[in-house]
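Please walk through this structure step by step. Keep the sequence and the 3D view open side by side.

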Amino acid sequence: MQAQSEIEGLRQAIQSKDEEIERLRMVATGAQAQVGGAPQVPQMPSPLREFFWDDLYKPLRDALWPVDGGQEVELADEPAALLDYVKTLTPDDGWLIPSSEKSDPDDMDVEDEDEGKGEDPNADDDVNDHDGEGADSNDGEDVDDGPATIRYIDLDANKTLALLGLKRELTRRSPTATFILRHEYTLFMRYAMCMASKPNYQARFFVTGQPGIGKSFGCYYFLFRLLALGQSVFFLNSPTNVYFFCSDGVQKTQKIPEEWPEITQAIEESWVLIDVDDQGEWSCPEIFNDARCVIWTSSPREPRKRHFLKTFAAEPWYMKVWSSKEIAALTERYAIDHSKILEKLDMSGPVPRWLFGLGFAPTPATLEQSIREALLDNLFAFTPIDASAHRVFLLQPLVVIDKRGQACFQRSDYSAEFLSPYIAQKTIDLVQDQLERVQGQLAAALNVSVTRSVAGKVVDGLMHRALTRSIRRT
């Protein structure tokens, strides 16, 4: 009896040892095991060299990454994982029309045209042509104000998606914090995906435009869309912050990656998104030139743009400013009095940073100072990022006439317009006082595509005043 008891004790001890060995084996292989009723968390693979696993944006990645793995990027529609968060709004922008009718309607077009009404925001554009026809940004894109229906993400209901600038928007505007998914974002992303799918083509883009129109938010949308497609992405939001979103999670490093074989391979299989707009001379590291596609959203700083275009053989892409539908949609979401927006439109034009942001919008006094500063040198020989210039002018993609005789955008270049009719009239007032000195500048500006429109408006305004005075004298 004693021998049987000893045998049973040995058997239980052996069983216990076997169970312990099995538990250790399952932990070592990352399997789920039940030990004492608690599930074991699978071990994470090792991150890239000099990277570490980051928990801050892992919930965002997990919310968008498809459970069935990556999808083909080529000409892909907006993925379902992203569409689940998208809402729509059809705003009434009729109240914005009086602002554009305070002077000649040609001075400033912030109205929507009928072409966009009823348009499906997910419908294919010319940039989706499978043969590539119409996909070249230099081929032109019909001039319209996009769809009448505005798409957006409710940030208060989807706090996981509120990263960086979106988080600040959530803090300021809760419970109505809104991320407007501009038609500009989807239009560019379709074009970028089309070009990235072409064999032997290096897709590199410098996405720029008027300061304050939401280029950084556009970069967030690009990230969301790529994650929802299961595409790995290197995301840089500062010279010292590099995130790597991949199938295993989110990694981070605080230095530019070095050319280790594993990092080079990861870059070759990934997209690179850069939203660095510091005041220094930072440039995109050349290690990223091996990526599937590189997109840099930035203000139009000429030295930076020239260096990136030369080093990466990149294409410039100029975004349009906000349409009246987009302005009306955000005004409705934030329940802002229409008169306040109309007043700000006169002072700052259709720039959401000044219409809806926390920054101080220009006043008549500060606006006049900006115009006088621009006049001290040459009003029309401005650089797009010049502080005085972007308070007077707005940048739009260059409008050209295509072979069909229709006006269209050439995204690789830009032209300048006055920010508002009020600013145009104020500029003409001040030019009138310095006409003799400005005449040569006007003549030169009329011969340059970038400044031809604004120079023409100044000339028209001066002629109108001269004729009016002449008529009054007679």
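This is a predicted model: local features need pLDDT of at least 70, side-chain atom pairs count only at pLDDT 80 or more; totals for chains, interfaces and linings use all residues.

Start with the loop between α5, residues 165-173, and β7, residues 178-181. Pro175 sits there. The peptide bond that joins Ser174 to Pro175 is cis. Its omega is about 10 degrees.

Now step to the loop between β6, residues 150-154, and α5. Leu164 belongs to this loop. Leu164 is not a glycine, yet its phi is positive, at about 50 degrees.

Ala313 is another residue other than glycine with a positive phi, here near 50 degrees. Look for Ala313 in the loop between α9, residues 302-312, and β14, residues 315-318. Is Ala313 buried or exposed? Its relative accessible area is 54%. The cut-off for exposed is over 50%, so Ala313 counts as exposed.

Return to α5, the helix that holds Glu169. Glu169 has a relative accessible area of 11%. Buried means under 20%, so Glu169 is buried. Which residues does Glu169 touch, leaving aside neighbours within four places in sequence? The contacts are Leu155, Ser174, Ala177, Thr178 and Tyr334. Ser174 is also one partner in the cis peptide bond with Pro175.

Next comes a helix pair. Two packed helices are described by the angle between their axes and the distance between the axes. Helix α6 covers residues 183-196, and helix α7 covers residues 215-228. They pack at about 55 degrees, and their axes are 10 Å apart.

On the α6 side, the contact is made by Tyr185, Thr186, Phe188, Met189, Arg190 and Met193. From α7 come Phe217, Gly218, Tyr221, Phe222, Arg225 and Leu226. By class, this contact has eight nonpolar, two polar and two charged residues.

Finish at α14, which runs over residues 421-432. This helix has 12 residues. From first C-alpha to last it reaches 16 Å, close to the 16 Å expected at 1.5 Å a residue. Which residues of α14 are buried? They are Pro421, Ile423, Ala424, Thr427, Ile428, Leu430 and Val431. An α-helix has 3.6 residues a turn, so residues three or four places apart point the same way. Keep that spacing in mind while viewing the buried set, which includes Ala424, Thr427 and Ile428.

Key: Residues are numbered from 1 along each chain as its sequence is written. Side-chain values use heavy atoms; hydrogens and water are left out. Helices (H or I, at least four residues) and strands (E, at least two) are DSSP runs, numbered from the N terminus. The expected span of a helix is 1.5 Å times one less than its number of residues. Buried means under 20% relative accessible area, exposed over 50%, partly exposed in between (1.4 Å probe, protein chains only). Contact means heavy atoms within 4.5 Å. Axes are lines fitted to C-alpha atoms, for helices over the stretch in contact, and angles run from 0 to 180 degrees between N-to-C directions. Ala, Val, Leu, Ile, Met, Phe, Trp, Tyr, Cys and Pro count as nonpolar, Asp, Glu, Lys and Arg as charged, and the others, Gly among them, as polar.
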